[in-house]
Each structure stands twice: as C-alpha cells, then as structure tokens.
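Let's take a friendly walk through this protein model. Have a look at the chain below, and then we will visit its cores and some of its helices.

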Amino acid sequence: MLEAINISKSFPGVKVLDKVNFLFYPGKVNAILGENGAGKSTLLKVLTGVYCDFEGQIRLHGENMQFKHIKDAQHAGIAIIHQELNLIPSLSITENLFLGRELHHSLGVLRTSEMESVARSLLRRVQLEKDPSTLVKNLKVGEQQLIEIAKALLANAGVILMDEPTSALSDSEIDNLHRIIQELKTEGKTIVYISHKMEELFRIADYYTVLRDGITVEAGEMKAVSEAHLIRKMVGREVVIRPKGQKCKESSTILKVANLHLQHPLVKAKNVLHDISFELKRGEILGFFGLMGAGRTELMECLFGMVPDRMSGMLAIDGKPCQFNSPKDAISQGLAFATEDRKMEGLVLGMDISSNISLTTLKVTELLNTDQERQFAQDYIRQLAIKTPSEDQFCNNLSGGNQQKVVLAKWLATKPQILILDEPTRGIDINAKSEIYELIQRLANSGKSIILVSSEIPEILALSDRILVMAEGRITAEFSAGEAREDDLLKYAI
Ligand SMILES: Nc1ncnc2c1ncn2[C@@H]1O[C@H](COP(=O)(O)OP(=O)(O)OP(=O)(O)O)[C@@H](O)[C@H]1O
Ligand SMILES: [Mg+2]
C-alpha cells in the first residue's frame, strides 16, 4: 500500500535517515521499532509531507507521490497521530476534531449541532465519556490521545500512522485502542505503528521493521521472531528488566500524609481523593499503581502544593507538620515533581537543553548560559545518554524519548530529598529504561526518597520497595516488593 524507497533525511549536523526502505501492507499493523532518536518519527513526518526536503521516493498504491505540504498527504488519504499531541488546549473537543475541516451551511454558518453529534459518536467509538463541548485543556494526556485517534477516524484515511499512541494510555485504554485498530484492519486500512512497548507489539503487529541509527536493519513477520531477537536488533545487546526481589532496609519516615481529601474542581460537594494516608521512608522507592483516572496525579499535585485551596488533611516532613501553598514552598522543603505531561509542564521547548536542565537549580539571575551550566548539562547528557549534537540543541528538535530524558535530568539535578516521578519513562526505549532504573535505584541507595507513579506494571515491579494501589481516589491495597503479583495489582486497581 505504502512504500518508502531509499529515503534519506538530514538536519543541520545530523543525518537522521540514511537510504531507508519500508513496505507497509494493507489490512495489517506494520510496526516500526527502534531506540530513542533512531529516526522513527522523522520517517513518519517525511511520509506525511511535514518534511519535503528529503531524498528518495514515496509510493502509495504503486504510484509515486510528491507531497509538498501536509494537506497533500491528507488528500491522498494518509492520516497521522503525532507523538507530541497537537491539539489546541483552549478549544473544545468538537472544535479540535473539526479544525480545518469544519462543516458549513451554504452561507458560511457553522453547522454546530451536526458537528457536535458527529463528535459525540466518535467519542463513543473511542469510549471516552466526555461532553464534546469540554475544553481540551481540561483533559488528561491519555484522554487527549483518544481525541487524536478520533480525529484520524473522522478523516477516514486509508493509511493511519500512529506514533506511540499508547505511551500515555493505561492498560484498559490500550485494550480499547487495540479494539479500534482491529476494526480498522478488517476495513482494510493500513496501520503503521510505533511503540516502545514490546508486549503490545506482539499482541497487535503483523509485520515489523527495525530502524537503528537511521538505517533499516531488518524486516519480517512478527510471529516469526522473539522479543529478545528484536531487542538485540534494536539495541545491539540483551536487555532484561526483572522485578525487584526485596525491599530496602527499614528506615525512618520522611513524609507522612494523613487523612488527605481533595475536592472536585467544579462540584464542591464531591471529592476526587478520599482519606489518603501513607508514609514514605528515607531511601525508599514507593510505587503508586492505578488505572488512568485513579487519582494518582491529583494526589501528587496535592503533595506539591499545586491545589492548596481544595485539599484538606495533614502533611508532615521529618515529623514537622507543614503546609504548601505553592510548588515553590514544596521545592524549598526538598520536594521535586517530574510531571507526566512533558510538553505542557515539563519543558520549555523553545529553549536549549542546558537552559532547561538548569531551570530548576539556578536562581533566575544566574541564568546566563555559563560554562558551569554547560558542564552540568554535558554531565547529564552523558549519564542519561541523551542523543543530541550538543547541549545547545533546542528541546523541540529532540526526539520524544530524549525530551523525556531532559525532564528527568532537570529534576534529578535538584538533588531533592523527595522526588516524585509521574510516568517517568513514557516513550523511553528499553535500553535507556534499564539505565534510568539504575539511576533511580542509585538515588534511593544514597538516601533520597522516591515516589513513583506508573501505569506500567513491569516498571512498578522493577523499582518499588513498596506498592500502593489506587482506585477511584482511594488507596485500595499495599504490597511489599517480592509479594506483589500482576493479577493482584490489577484486581485492586479495578
Ligand atoms: N527538527 C529537527 N532539528 C534537528 N534535529 C532533529 C529534528 N527533528 C529530529 N531531530 C533529530 O533526529 C534524530 C531522530 O529523531 P526522531 O524524532 O525521528 O527519533 P525517534 O526514533 O522518533 O525517537 P523517539 O523514540 O525518542 O521518539 C534525533 O537525534 C533528533 O534529535
Ligand atoms: Mg519519536
């Protein structure tokens, strides 16, 4: 259906794709695998007219294509769900869905109610229970991802390119997306699918192509290969992530939370968090597992002083009761919070890597791009293997996974007493993941305390000394490392 023939693409100072070849089949899920910065997103942007300055050929249905603009690819029936969400926060769901393809009456008046009703049925199809008039800024990342998917459904494209569509979704949302993909397959649509989650690729992909440093290494049928084989092709070595066997030694309590409640932002009589109590020990990695909407992010926002007006309950650090009226208060008490939404809250995309990393550690007056700041950034670029020509690269030119590494670097740099990590390895490849796990573990070994929020069970099991499960704003279970099993976590999360 779709072919990429000898495609090369460079950016100043880097050759990102070097004569790559891809074949994508109709009625199939065609996976692209590769490490962070391998060139996966760049390929999709070439295929959809985002980048026109490349060498090589694109063929659709055997016909040579020349996309000069995104619209050309759209007209040819190619839709893309970008890795970095492209919705407009201040517009409603309906307005976002119909952006650029609004329905008009003959006199130019918008057919609002018709658009609303189409939006409503699309929301049903992706199983998102929201009113179409909801503003996108009030949706969580995972919900926004579903809107992107609805948008591709609305375009009714023959080829749908999905760049890490599940990186922000929890397991049940992933099932939901897979169901939609199965439907699209039976309609004969060509799906191109990028994911760092091996387990899901084995569930839904029919074919794969491995991209390594801008070169196509291998292609074939998924059912003919093993996970270990694919990882070797991608990374060049074996990587296995194992559950942690034992919890760390008992130590003193650094953070105590008692009877915390959080009011709903709109409905005053309703609570989003109910009677949350727990303790965090020094040097401990405390995992919070739950499905999307369980209230984990809201809880972290409470701990970080982001919603002082709506919360009640007791917080104590080192036995001293404290109250945070802003994130600034929380930071001054040694807290750090790497949020789940790197684009909105995590990075200043229009600034370079070194300025982003030093944002959290330097006072405003010190932000002068000094040698010290560069040195500091270079250290983290090395430690986290951030793929970039230099520390002067703007963050919006980094691949998704490498942006995520900058978010982590920025907060690791504060050397906090308590580090809250909300979905820290979203979009990070398996090799980098195992290195980041080591880094987090080293931090804990040095006496720092870590709260880990993750929807990935293997991640929770690999890192946590203790796991708290949340569902519908409540803590529903507690497990220690070694004792938790996947089924139990899921049972209490539901
Ligand atoms: N606009 C740009 N300017 C300069 N360099 C860029 C630009 N876009 C991408 N790159 C570089 O090209 C390389 C490939 O990036 P790409 O986004 O295609 O990676 P990816 O395989 O999608 O990785 P990830 O899994 O992290 O999303 C990276 O080194 C990135 O820094
Ligand atoms: Mg990418």
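## Cores and helices

In the largest nonpolar core, which has 68 residues, Val406, Ile420, Ile450, Ile451 and Leu452 touch the most other members. A nonpolar core is a set of buried Ala, Val, Leu, Ile, Met, Phe, Trp, Tyr and Cys residues joined through C-beta atoms within 7 Å. Buried means that 20 or more other C-beta atoms, placed from the backbone, lie within 10 Å of the residue's own. Helix H14 (residues 400–412) gives the most to this core: six residues. A second, separate core of 64 residues includes Met115, Ile174, Tyr193 and Tyr207.

The model is predicted, and its local features need pLDDT of at least 70, side-chain atom pairs count only at pLDDT 80 or more, and totals for chains, interfaces and linings use all residues. Residues are numbered from 1 along each chain as its sequence is written, while chains are lettered from A and ligands numbered from 1 in the order in which they are written.

Which residues of helix H8 are buried? They are Leu230, Ile231 and Met234. Seen down the axis of H8, these buried residues fall within an arc of 100° (taken from the directions from the helix axis to the C-beta atoms), so they line one face of the helix. They pack against these elements (C-beta atoms within 7 Å):

| Element | Residues |
|---|---|
| Strand E3 | 29–33 |
| Helix H7 | 198–204 |
| Strand E9 | 207–212 |
| Helix H15 | 430–445 |

Just after H8, Gly236 has a positive phi of about 90°.

Terms used
A residue is buried if 20 or more other C-beta atoms lie within 10 Å of its own, exposed if 12 or fewer, and partly exposed in between; C-beta atoms are placed from the backbone. Helices (H or I, at least four residues) and strands (E, at least two) are DSSP runs, numbered from the N terminus. Two residues are in contact if their C-beta atoms, placed from the backbone, lie within 7 Å.
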